[in-house]
Amino acid sequence: MEQNRARIAAQGLGLAAISYDSVAVLKTFADREHIGYTLLSDADSKVIRAYGIFNDTVPKDSFAYGIPNPGTYILDAHGVVVGKYFEDDYRVRDTAESILFRQFGIEPEPRSSVAAKHLKIAVEGGETPVRPDQRVTLAVDLQLPERMHVYAPGVTGGYIPISFKLSPSPAFQADPVTFPASKTLRLEVIHETVPVFMGRFRLLDTVTLAGPQQVQPLLDAQGNLPVEGDLRYQACDDHECYPPETVHLKWTLQVLAFDRTRAPESLRRKQ
Amino acid sequence: MNPVGKTTAWVALAASLAWGAVATGPAVGERVPDFHLRDQNGAEHDLHSILGPKGALLVFFRSADW
């Protein structure tokens with residue numbers, strides 16, 4: 001989250017995080033991790049309860065009693081919820097980058113361009129380090145020249161629609177790919193209308209990393225996780241359709257271990 | 001934990017597992033409750049103070065310690 005603070009602020013958005021930790025524990029954490037945004041102490045879980053997200057499955061005598069069901073609200077300028085990201089599994093968290101990407105379409109710098117026929121491709125997303133169990137959004141940015149189109153999913157008549165599929169891996173679970181809204185193109189010559197994409201558009205795929213046990217064995221020597229997939233498309237201009245192309249795309253995710261550093265003993269929550 | 005408390009805890013756990021989803025608070029379209037909390041430097045904040053011109057991300061997390 002700290003890495004994305006500037007991008008969040010650039011969108012005119014505030015940023016604050018609430019936990020049941022004391023002010024002292026939050027201060028220790030903020031100093032250690034060089035956190036510049038607001039961490040709020042809800043030590044008696046009053047606000048957590050007021051929001052209706054008190055975790056009531058934790059026993060009263062546990063040091064963890066008082067924690068919330070974790071997640072993120074996206075609020076408008078009036079404090080009204082316009083988006084929310086909560087997961088069923090308490091271990092899984094959306095990365096800030098993933099939320100920024102999906103909610104606001106904030107694009108990071110294109111990570112790398114990929115050579116391809118008829119159009120320009122860049123892969124984006126996964127720049128900031130991620131942890132096991134986190135979610136990260138990967139993007140394929142496509143730019144077509146004028147008068148060129150590719151077919152959108154749902155096209156009939158033997159045309160090859162654009163598709164993207166990540167190679168399955170025990171290290172992550174991929175959501176279905178998100179496509180933008182397609183345009184309808186009328187092909188006069190054959191009196192057909194077809195769903196297409198033109199100009200510049202982006203495909204998104206959000207993946208959920210597995211736990212540390214599953215991810216660790218698949219990291220390379222630098223501690224990075226390669227994530228690969230195939231993009232398939234058929235490009236056509238107003239004269240002809242070209243043979244379908246398959247382009248292999250790759251992301252390299254830097255994976256951090258869980259942060260297991262504790263606050264000093266004297267500050268820790270007892271019961 | 002006394003026997004009644006234990007039963008209540010198990011019922012709550014079973015219920016949350018049976019229904020699948022955990023409670024996630026205010027829905028899209030609802031205004032979130034106001035709050036008055038201190039930050040890591042002891043400064044006080046309320047909902048209004050954390051909202052930027054376009055809104056805010058408000059994150060609830062389990063703990064900064066563990």
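The buried residues of H2(A) pack against E2 of chain A; contact here puts two C-beta atoms, placed from the backbone, within 7 Å. In this helix, residues 23–33, the buried positions are A:Val25, A:Leu26, A:Lys27, A:Thr28 and A:Phe29. Buried denotes 20 or more other C-beta atoms within 10 Å of a residue's own, exposed 12 or fewer, and partly exposed in between. A:His34, with a positive phi near 55 degrees, follows H2(A). Helices (H or I, at least four residues) and strands (E, at least two) are DSSP runs numbered from the N terminus.

The model is predicted: local features need pLDDT of at least 70 and side-chain atom pairs pLDDT 80 or more, while totals for chains, interfaces and linings use all residues. Residues are numbered from 1 along each chain as its sequence is written, with chains lettered from A and ligands numbered from 1 in written order.

E2 of chain A (residues 38–41) runs antiparallel to E1(B), joined by 2 bridges; pairing requires at least two DSSP bridges. B:Arg38 in E1(B) is the bridge partner of A:Ser41.

Across the interface, 45 residues of chain B contact 58 residues of chain A. The elements of chain B that each supply at least two residues to this side are tabulated below.

| Element of chain B | Residues |
|---|---|
| Helix H1 | 3–19 |
| Strand E1 | 36–39 |
| Helix H2 | 47–50 |
| Strand E3 | 55–60 |

E3(B) gives the most, with 6 residues. B:Leu57 touches A:Ile8, A:Leu13, A:Leu15, A:Thr72 and A:Ile74, not counting residues up to four places away in sequence.
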